[in-house]
Amino acid sequence: MNKEEEIKQELIKNFNFPEDRIRIPKERRVFVDVSMKEFEEVLKFLMDKTHFDTLCTITGLDEGTVLGLIYHLTRQDGIVINIKTSVPKDNPKIKTIM
């Protein structure tokens, strides 16, 4: 099993995510979709347990009635994980993460 698949299996095991919420489109890239309610716990897990300790950037998306947010995190082996969540446009509040 490659490192990306190991990350996927850790997320499934620890958060009971269905497999379709986690994608590995190519080598060294992992995408996971989470609700804002799950976001903080998933982010903490990835930073503390799987060593994604560098936040590269945050991408904002206008998706109609919601604002999408993608947090791009990296770790020493070059793998990037992209955590996508969203907030309603009529209440666009998020907690600070750092």
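User: What covers the buried residues of H2?

Analyst: In this predicted model, the cover includes H1, S4 and S5. The buried residues themselves are Phe39, Val42, Leu43, Phe45 and Leu46.

User: What puts the buried residues on the same side of H2?

Analyst: Look at the arc they span. Phe39, Val42, Leu43, Phe45 and Leu46 are the buried residues of H2, and they cover an arc of only 165° around the axis, which puts them on the same side of the helix.

User: How do you know what span to expect for H2?

Analyst: The expected span is 1.5 Å times one less than the number of residues. H2 has 14 residues and an expected span of 20 Å. From its first C-alpha to its last, H2 reaches 20 Å, so its span is close to the expected one. Just after H2, His51 has a positive phi of about 65°.

User: And H1? What makes its buried residues a one-sided set?

Analyst: The buried residues of H1 are Glu4, Ile7, Lys8, Leu11, Ile12 and Phe15. They cover an arc of only 135° around the axis, which puts them on the same side of H1. Their packing partners are S1, S2, H2 and S5. The span of H1 works out too: with 13 residues, H1 reaches 18 Å, close to the 18 Å expected.

User: Which residues touch the most other members of the largest nonpolar core?

Analyst: Leu11, Phe17, Val32, Leu46, Ile81 and Ile83, out of 21 residues in that core. The elements that give two or more residues are H1, S2, H2, S4 and S5. H2 gives the most, with five residues. In soluble globular proteins, nonpolar side chains tend to be buried together.

User: What is Phe17 in contact with, leaving aside its neighbours within four places in sequence?

Analyst: Contact takes heavy atoms within 4.5 Å. On that basis, Phe17 is in contact with Leu11, Ile12, Ile22, Val32, Val34, Glu38 and Val42.

User: Why do S1 and S3 count as edge strands?

Analyst: Two strands pair if at least two bridges are found between them. The five strands form an open sheet in the order S1-S2-S5-S4-S3, with mixed pairing. S1 and S3 each have a single partner strand, so one side of each is left without a neighbour in the sheet. The twist averages 20° from one strand to the next.

User: How do you know that S1 and S2 pair?

Analyst: Count the bridges. Pairing takes at least two, and three join S1 to S2, so the two strands qualify. S1 and S2 run antiparallel. Their hairpin has two residues between the strands, and Arg28 in it takes a positive phi near 65°.

User: Where do the helices sit on this sheet?

Analyst: H1 packs on the sheet, touching S1, S2 and S5, and its direction makes about 170° with that of S1. H2 lies across S4 and S5, running at about 160° to S5.

User: Why is Lys84 called partly exposed?

Analyst: Buried means under 20% relative accessible area and exposed means over 50%. Lys84 has 26%, which falls in between, so it is partly exposed. Lys84 is in strand S5. Leaving aside neighbours within four places in sequence, its contacts are Val32, Asp33, Val34, Leu61, Glu63, Leu69 and Ile70. The C-alpha atoms of Lys84 and Gly60 are separated by 9.8 Å, with the two residues 24 apart along the chain.

User: What about Pro88: what makes it partly exposed?

Analyst: Pro88 has 39% relative accessibility, which lies between the 20% and 50% cut-offs, so the label is partly exposed. Pro88 lies in strand S5, and its contacts beyond four places in sequence are Thr65 and Val66. Thr65 and Pro88 are 23 residues apart along the chain, yet their C-alpha atoms are separated by 6.2 Å.

How values were computed. Residues numbered from 1 in each chain as written. Predicted model: local features only at pLDDT ≥ 70, side-chain atom pairs only at ≥ 80, totals over all residues. Heavy atoms only, no water. Core = buried A, V, L, I, M, F, W, Y, C linked by side-chain atoms within 4.5 Å. Buried < 20%, exposed > 50% of the residue type's maximum accessible area, 1.4 Å probe, protein only. Helix = DSSP H or I, 4+ residues; strand = E, 2+ residues; numbered from the N terminus. Arc of directions from axis to C-beta. Axes fitted to C-alpha atoms, helices over the stretch in contact; angles between N-to-C directions.
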